[in-house]
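Have the structure open as you go through them.

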Amino acid sequence: MQKIILTFFIILSLFYIETDSVFAQESNTSLFIQAKQLSLNGNYKDAADLLKEILKNEKSMYIYDFLIENQLNAGLIDEALETAKKAGSDFPKEAKYLHLTATIYKTYKNNTKAAYEYMENCLKLFANVTDNPDYALYAALLAAELKDYKRALNIVNALIKRDEENSQYYIVRADIYSAQNKNKQAVKDLEKAVKLDNNNTAKLMLAEIYLMQGNEDKAIVLLEEVSQENENLSAVIEQNIGKIYTDSGNFDKAIEVYRRLADKLYGKSKAIILMQLGDVLNKAGKYEEAGQVFEELTTLAPNDTVNYYIAGKFYEYTKNYDKAEKMYLGALNINPTYAQTLKRLAVVYLLQDRTKDALKYINMIDEVEQDVDYYLLKAECYSIDKDKKSAINILEEALKLNPTNTQVLAFLASLYEEEGNKEKTMELIEKALEIEPNNHLFQNFLGYMYAETGTNLDEALNLIEKALKQEPENGAYLDSLGWVYYKKKDYKKAYKYINEALKYMPDEKELLDHLNAVKKAMGK
């Protein structure tokens, strides 16, 4: 009877154990279904919480994998890292968890050293380092990043020995060589990769090395090949080819590339290329064409003030004032208070002696934007209109605000000279020369004023000779030197220098007057 009772209790206990297991299994299944649905709906954190509950009852690699995935999607990086480590502890022979831990360290924590340590432990699980090529390659890349080039090369060499037809291994080894400035070995590996399967990555890396070596022609051949073979990369590569031509000074080729590329593109992409094309045209001295390119940009970006402004500057430089005016007015339509545009438009009008138009736009410049250029332009308007008094008043005001500005000093000095106030002229130009003692314009100006007034003639000679050292073929400076000698009554030298000056300025009336004065003094 006791045996029967004992047997009954054993059967009963087995029944309860089996029932508990079934209940747990059903509970885990239910939780997993809920977690799956939450994950699909983007509720990664809630899904992760349910998956952690399942792991309390069931150690499953699948659950671990799904949990780590949801933790990473939820941005729970530290939790994902700890889960990966726990999975590695529960399944110590599973290399994938060591690899996953390394990946999280590298990708999310930017900890290359920790990642490399886990990958080295990962490789130890295999009989040979190359048994899992993907893991081995990742370990090599990490080692190279840590500058352990010897270990990195050992791994990659083993991979190449295992599979000599895999171009990726040669590319990685070339990258390691390149990091050590062993470009000869790098080139050899990259050429091998290209030969194996026409690898575009290898071509791009090879082109980069050729550029470093100054071999632009070889680089361009490779880049053009990749461009033809890969439509998605085509525009980017052609853009780089254009830059290579530009940097090497081959502007015509660069222009050809950018024009071809601009014809293929549209919208913002085209605008970027047109900006580069305009820049190259400017460097090539093709200012009219550069202006046309930037004018075209105004149609792609009609609300961009800069494109109108730059187009205006190029047209201004080529003296195409009508188009320059049109572009500057276009810029002002977008931003009516932009001081730089107002000033450039005033310059265009001044170059055409349209002083009233120039003054109109100068006076539109806001008070806080009224810099030295504002005063100089305004004074120029009155100077052209022969209103010297107003021009002088404006520049005197500018000088109070900018007492060391040599442009203001020189302009004001020239106006006082025209008014016949030689003393004030010399005072201003002496001050300018103190600020810029090597300025040949000021040296000549002051030297000539000394000659005109018959004072400091030795200093005048010294100043003008300094100016001529900088510009020995300047007719105005040669005339000034001759005029000093005239004042010193050395008429022979005076005649020599003024006569030489006329070779450069044959129609200048003042020089002819000076020569006649010298001739008269010589009795000719």
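**Notes on the helix packing**

1. Let's start with α9 and α10, which cross in a left-handed way. Bear in mind that this is a predicted model. Helix α9 covers residues 167–179 and helix α10 covers residues 183–197; their axes sit 8 Å apart, at an angle of about 165 degrees. Angles over 145 degrees count as roughly antiparallel, so α9 and α10 run roughly antiparallel to each other.

2. Who touches whom here? On the α9 side, the contact uses Ser167, Tyr170, Ile171, Arg173, Ala174, Tyr177 and Ser178. From α10 come Asn183, Gln185, Ala186, Asp189, Leu190, Lys192, Ala193, Leu196 and Asp197. Sorted by class, the contact of α9 with α10 has 8 nonpolar, 4 polar and 4 charged residues.

3. Now the record. Residues 271–304 are 79% helix and 0% strand, with the end C-alpha atoms 11 Å apart. Residues 406–439 are 79% helix and 0% strand, and there the end C-alpha atoms lie 10 Å apart.

4. Next, take a look at helix α5 (residues 95–107) and helix α6 (residues 112–123). Their axes come within 8 Å and cross at roughly 170 degrees, which means α5 is roughly antiparallel to α6. α5 brings Ala95, Leu98, His99, Thr101, Ala102, Tyr105 and Lys106 to the contact, while α6 brings Thr112, Ala114, Ala115, Tyr118, Met119, Asn121 and Cys122. The residues in this contact of α5 with α6 split into 9 nonpolar, 4 polar and 1 charged.

5. The model has 30 salt bridges by count.

6. Last pair: helix α26 (residues 457–470) and helix α27 (residues 475–487). Their axes come within 9 Å and cross at roughly 160 degrees, so α26 and α27 are roughly antiparallel to each other. The crossing of α26 past α27 is left-handed.

7. Which residues make that contact? In α26 they are Leu457, Ala460, Leu461, Ile464, Glu465, Ala467 and Leu468, and these meet Tyr477, Leu478, Ser480, Leu481, Val484, Tyr485 and Lys487 in α27. By class, the contact of α26 with α27 comes to 11 nonpolar, 1 polar and 2 charged residues.

How values were computed:
Residues are numbered from 1 along each chain as its sequence is written. This is a predicted model: local features need pLDDT of at least 70, side-chain atom pairs count only at pLDDT 80 or more; totals for chains, interfaces and linings use all residues. Side-chain values use heavy atoms; hydrogens and water are left out. Axes are lines fitted to C-alpha atoms, for helices over the stretch in contact, and angles run from 0 to 180 degrees between N-to-C directions. Helices (H or I, at least four residues) and strands (E, at least two) are DSSP runs, numbered from the N terminus. Angles under 35 degrees count as roughly parallel, over 145 as roughly antiparallel, 65 to 115 as roughly perpendicular and the rest as oblique. Contact means heavy atoms within 4.5 Å. Ala, Val, Leu, Ile, Met, Phe, Trp, Tyr, Cys and Pro count as nonpolar, Asp, Glu, Lys and Arg as charged, and the others, Gly among them, as polar. A crossing is left-handed if the near helix is turned anticlockwise from the far one by less than a right angle, and right-handed if clockwise. A salt bridge is a side-chain nitrogen of Lys or Arg within 4 Å of a carboxyl oxygen of Asp or Glu.
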